[in-house]
Structure formats: C-alpha cells, structure tokens
Amino acid sequence: LLSAAAQLPQYHFVFAGPHNAYAADLAARAAKEEMTNVEFVFDPTRAEALALYQRAAAKGHAPAMHNVANTLVNGEAGRVDLDAARELYRAAAERGHADSMASLGRMYEEGRGVTRNFAEAVRWYRAAAEQGNAQSQACLGGMLFEGTGILLDKTEAVMWFRKAAEQ
C-alpha cells in the first residue's frame, strides 16, 4: 500500500478504527518515509471525515470530489445542494472518475438538479461503462434497449447487460 501510495501524485486518506494495528503500522512507516501525500486518520467523526474530503477535493482529488458530492446529494453535509454536487461530479468526471460519470448520468436521466436530458445521460453512462462501471453498463443497456436518449439497439443493449452481469 505504501509503495503504491508513494507513486501517486494526489493526496490520499486512510481511515481506520482506533484499534487497527495494521493501519497504525502503516501510518508509522509512512511517517518514517516522510510520505506527504498520505494521511492516516483514526476513528474520525463524520464531520472530520467530510472536512478532510473537502480539503482533498479542493486540491483536485477526484475520489474526494465524488465523496463530497455524494454528501451534498444525500444531505449528509447538513444540506442538499444539487448544483454544487453536479459541479463536483463534473470536475471529478472530467478527471476520469467513473463513479462520478455514473452519478452525472443518473442526474441527467432523472432530471435531479439539472434539466432532464436523456442524451446527456447516455453520454455520461457510456463514458463510465467503457471504464468498466457495472452500474453504468446496466443503465446504458436499459437506455439502448428502450431507445431512450439514443437510437434503439437491443443487440448493443444486451452486450452492456452482459458486461454488467459479469462483474
């Protein structure tokens, strides 16, 4: 874990319970090796974890952007802010984050926080599906099967359903 993390240019958090000896050992080794891109947080509160994710998101860390966006969609940050969530999902998606692409696809398919746009939903689902995101593969398959936002193509739909089912 540490050797892989040392090669990563972005910031990473490792959350662990208070009595996790393995994580404590990794944290000690990371400190010894002066790794500045990994931070170990033991038994954080929800608010502390959110603050750490927000800090990483501000530095352009796509998984953190996705996690903060999820809290804004679900109201876990104390409020629902679909506009801010959409922008975070988009920023993470533009950095190649497949789960954020899937979330944008869902927002456009449902018209949640955006004007409903099936073609845009297909675009984001396809981008995530091509990266192997099973949820997006199934959603794209459904849209192709019904011809929603895209030309009906049951053969391609079945292909995406199969790819999703194989995961």
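Is Arg123 buried, partly exposed or exposed? Arg123 counts as partly exposed because its relative accessibility is 44%, where buried means under 20% relative accessible area, exposed over 50%, and partly exposed in between (1.4 Å probe, protein chains only). The model is predicted, so local features need pLDDT of at least 70 and side-chain atom pairs count only at pLDDT 80 or more, while totals for chains, interfaces and linings use all residues. Residues are numbered from 1 along each chain as its sequence is written, and side-chain values use heavy atoms, with hydrogens and water left out.

## Overall organisation

The secondary structure of the protein comprises nine helices and two strands, the helices (H or I, at least four residues) and strands (E, at least two) being DSSP runs numbered from the N terminus. Read from the N terminus on, the elements follow the order α-β-α-β-α-α-α-α-α-α-α. The protein has 167 residues, of which 40% count as buried.

The largest nonpolar core contains 34 residues, among which Ala85, Tyr89, Leu104, Tyr108, Trp124 and Leu140 touch the most other members; such a core is a set of buried Ala, Val, Leu, Ile, Met, Phe, Trp, Tyr and Cys residues joined through side-chain atoms within 4.5 Å. At least two residues of this core come from each of α3 (46-58), α4 (62-74), α5 (82-94), α6 (98-110), α7 (118-130), α8 and α9. The most is given by α4, which supplies seven residues.

## Salt bridges

Side chains of opposite charge can pair when their charged atoms come close. The structure holds four salt bridges, each defined as a side-chain nitrogen of Lys or Arg within 4 Å of a carboxyl oxygen of Asp or Glu.

Asp83 is partly exposed, with a relative accessible area of 47%, whereas Arg86 counts as buried at 15% relative accessibility.

Trp124 is in turn one of the core residues that touch the most other members.

Elsewhere, salt bridges that share partners join Asp83, Arg86 and Glu87 into one network.

## The surroundings of Phe145

Phe145 lies in helix α8 (residues 134-146) and counts as partly exposed at 30% relative accessibility. Together with Val158 and Phe161, Phe145 makes a nonpolar surface patch of about 210 Å². Patches are made of residues with over 30% relative accessible area and no salt bridge, with like charges joined within 9 Å and nonpolar side chains (Val, Leu, Ile, Met, Phe, Trp, Tyr) within 5 Å; the areas come from the Shrake-Rupley method with a 1.4 Å probe, and for residues only the protein chains shown count as cover.

Rings of Phe, Tyr and Trp (its six-membered ring) pair if their centres lie within 6.5 Å, planes under 30 degrees apart counting as stacked, over 60 as edge-to-face and the rest as tilted. By this rule the count comes to one aromatic pair. Phe145 and Phe161 form this tilted pair, 6.3 Å centre to centre with 50° between the planes. The pair links distant parts of the chain, Phe145 being in helix α8 and Phe161 in helix α9 (residues 154-165), 16 residues apart. Phe161 counts as partly exposed at 34% relative accessibility. Lys154 lies over the face of Phe145, at 4.5 Å from the ring centre.

Note on methods. A charge sits over a ring if NZ of Lys or CZ of Arg is within 6 Å of the ring centre and within 35 degrees of the ring normal.
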